[in-house]
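My notes follow the order in which I checked them.

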Amino acid sequence: MTVANPAPALIAAPPLGRRVWRVVRLNLVNKWTVIWIPAMIMFFIGLVNWLIWWIIWAATSPADRADAMDGTQWSGGAFYIFVYMLVVGIQVITGTFPFALGYSTTRRDFALGSGLTFLMLAAGYAVGFTLLSAIEEWTNGWGLGGHLFTSVYFDGESLGGRLFTVFATMLFFFAVGAFSAALFMRWRMNGILAAGAVFILLVVGAIALITLTQSWPAVGDWFAANGPLGVSAWLLLPTAVAAIAGYAVLGRATPRS
Amino acid sequence: MSAAPAPTSIAPAVQVSGLTKRFGSFTAIDDVSVTMKPGRIHGLLGRNGAGKTTLMQLITGQDFATQGDIHVFGEKPTENPRVLQNVCFIKESQRYPEDFQPKHVLRSAPWFFENWDAEYAEQLVDEFRLPLNRRIKKLSRGQLSAIGVIVGLASRAPLTFFDEPYLGLDAVARQLFYDRLLEDFSEHPRTVVLSTHLIDEVANLLEHVIVIDQGRILMDEDAETLRTSATTVVGPRGAVDEFVRAREVLHRDGVGGLASVTVAGLSASDRSQAAAAGLELAPVSLQQLIVRKTDVRETGIEQTA
C-alpha cells in the first residue's frame with residue numbers, strides 16, 4: 001500500500017564510536033596507498049641498500065670490513081617512510097576530507113577518525129620497523145653487517161625504545177602534513193603562505209636568540225643528553241600542538257572546487 | 001500494512017529563513033526564506049551562478065551561513081550528525097581521494113548510508129556502464145557523474161540533493177537517471193532536491209519548483225499550480241490583442257498578422273471566451289515560464305508595473 005507523500009522515516013545517527021570508526025575504514029579503504037605501496041618501496045630500498053653493502057663488503061679487505069660497514073650507521077634509507085607518511089597526512093585532508101563531507105560526515109567525526117587512523121598506522125609501522133631492526137641485529141646486519149633499521153638514529157635503544165621513537169616520529173609527520181593541508185583547506189594558498197612566514201620568523205627568531213645568548217653548545221648538549229628517545233618524546237609536544245590546531249582549523253573549513 | 005502517516009509528515013524537511021551568505025563583498029545568498037516539504041521532488045532551478053550550489057552547501061552543513069536560520073528535520077545541520085545521517089548531497093564538483101577507483105566508493109558508501117542497497121547499486125553500475133577498476137581521475141565526465149547518480153539513488157537518504165548530476169551524461173543515461181529516480185522515489189519515498197538547468201527534461205518529475213536568481217528566491221510554487229499559471233494565446237493579431245488587453249502579459253511574439261501572447265492564468269470562462277473568439281490556447285512549458293520570469297530583458301518592463 002502506498003500512502004500519498006508519507007514522511008520518509010528518519011535514520012538515527014549511530015553512536016560516536018561507530019561514526020569515528022567508519023572514517024578510519026574510509027581512510028584505509030585503499031590498502032595499496034597506505035600499506036602495500038610504502039611497504040614495497042621500503043623493501044626495494046632495503047634491497048638496493050643490501051646490494052650496495054655487498055659491493056662494499058666484496059671490495060674491502062676482510063680486515064677493513066667491520067670499519068667500512070660501520071659507515072652504514074649513518075644510512076637515511078629508512079627515513080623515506082616518514083616522508084611518505086607526511087604525504088599521506090596531506091592527502092587525507094585534501095582528498096578524503098572533501099569526500100567524507102560529501103558522505104555527510106561531520107568535520108569533528110572526520111578529524112577524530114583520521115587522528116585514530118594516524119595513531120593506528122604509526123603503531124603498525126612502528127611494530128614493523130622494530131621487528132625488522134630486531135631481525136637486522138639477529139642476522140648481523142642482513143649477513144653483511146649493514147645498518148638500515150638500526151642506523152644511528154635508532155641505535156643504542158632497547159626494542160621498546162625503538163618502537164617508541166618510530167611511533168612518535170611518524171605521528172609527528174602525520175600531524176605536520178595534516179595540519180598544513182588543513183590550513184590550505186581553510187584559507188587556500190594564503191593560509192600556507194601566512195603559516196610559512198610565521199614559521200620562518202619563529203625559526204629565525206630562535207636562531208637569533210640562541211646565537212646572541214651563545215647557547216649553541218647548550219643546544220648540542222641538550223640533544224646529546226636526551227638522545228633519540230628523549231628527542232622523539234619531546235617531538236610529541238609539537239605533534240600535539242599541530243593536531244589540536246589542525247582540528248580547530250578544519251572545524252570551519254569548507255572544500256571548494 | 002500501511003502505517004498511519006506519522007505526525008512529522010507535516011513538518012518541513014528543510015526550513016530556511018532569512019538566510020544570507022557572503023563571500024567577502026559578494027552576496028551569494030541574499031535573505032532567502034524557503035521551505036521544502038518531506039516526500040516530494042523539488043526542483044531548484046536557476047541560471048549559472050544564481051546561488052543553487054551555495055544554498056545546498058548551506059542546507060547540508062558543508063558551509064557556514066553569514067546570517068539567518070536553517071533547520072533540517074527540525075535541527076541545525078552544521079556539524080550535527082543526527083541531521084547529516086539523513087542527508088546525501090551529490091554535487092557536480094564532488095572531489096574524490098587521489099587513489100580512488102569507483103569500487104572504493106561503492107565499498108565505503110554503505111558504512112555511511114544506513115539505507116544503502118548494494119544490489120540496486122550493482123544494477124545501476126551495469127546500467128550506467130561504470131567501470132569499477134579504473135582510477136576516478138581517469139574517468140570521463142559522464143562516468144564521473146554516473147558515480148554520483150548511483151550513490152545518490154542507492155543511498156536512499158531521507159533527504160537527497162542532486163546538484164546538476166547529469167554533466168557529461170548522454171541523453172540515454174540522463175533518461176535512465178530520470179526513470180530510476182522516479183521509480184525508486186515511488187517505492188522509497190524521500191525528499192529529493194534536484195538542481196538543474198535542463199528544466200524541460202525534468203519538468204514532469206518535479207512536484208515543487210524553486211527558482212533562484214542572483215541569490216534571491218524568484219519563484220517558490222507547486223509545479224501543478226505553476227503549469228496552469230500561464231497560457232499562450234495564439235490567433236489573428238487583432239483578436240489576440242483584444243483578448244489580452246486587460247490581462248497580465250508575460251511574453252509577446254508574432255509573425256505577420258499572427259500573434260502569440262503568453263498571459264497569466266486563465267479561468268474556465270476565460271477559456272470559453274477565447275474559444276468563442278477563435279483563439280487557440282496552448283500550455284506554457286516550465287522552461288518557457290522560468291525563462292520568461294528570470295530573463296530581465298524581457299520581463300523588466302511588464303513585471304515592474
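**Domains of chain B**

I looked up the domain assignment of chain B first, and it gives domain 1 (7-223) and domain 2 (228-303). I kept in mind that this is a predicted model. I then took the C-alpha centres of domain 1 of chain B and domain 2 of chain B, which lie 35 Å apart. For the contact I noted 10 residues from domain 1 of chain B and six residues from domain 2 of chain B.

Next I asked which elements of chain B each supply at least two residues of the side of domain 1 that touches domain 2. I found helix 7 (199-202), strand 8 (208-213) and strand 9 (216-222) of chain B. Strand 8 of chain B gives the largest share of that side, three residues. By class, I have this side of domain 1 of chain B down as seven nonpolar, no polar and three charged residues.

**Helix pair in chain A**

I turned to helix 2 (residues 31-59) and helix 4 (residues 80-102) of chain A, which pack at an angle of about 155 degrees with their axes 10 Å apart.

Which residues make the contact? From helix 2 of chain A I listed A:Val34, A:Pro38, A:Ile41, A:Met42 and A:Ile45. From helix 4 of chain A I listed A:Tyr80, A:Ile81, A:Tyr84 and A:Val88. By class, the contact of helix 2 with helix 4 of chain A has nine nonpolar, no polar and no charged residues.

Definitions and conventions:
Residues numbered from 1 in each chain as written. Chains lettered and ligands numbered in written order. Predicted model: local features only at pLDDT ≥ 70, side-chain atom pairs only at ≥ 80, totals over all residues. Axes fitted to C-alpha atoms, helices over the stretch in contact; angles between N-to-C directions. Helix = DSSP H or I, 4+ residues; strand = E, 2+ residues; numbered from the N terminus. Contact = placed C-beta atoms within 7 Å. Nonpolar A, V, L, I, M, F, W, Y, C, P; charged D, E, K, R; others polar. Domains from an automatic or database assignment.
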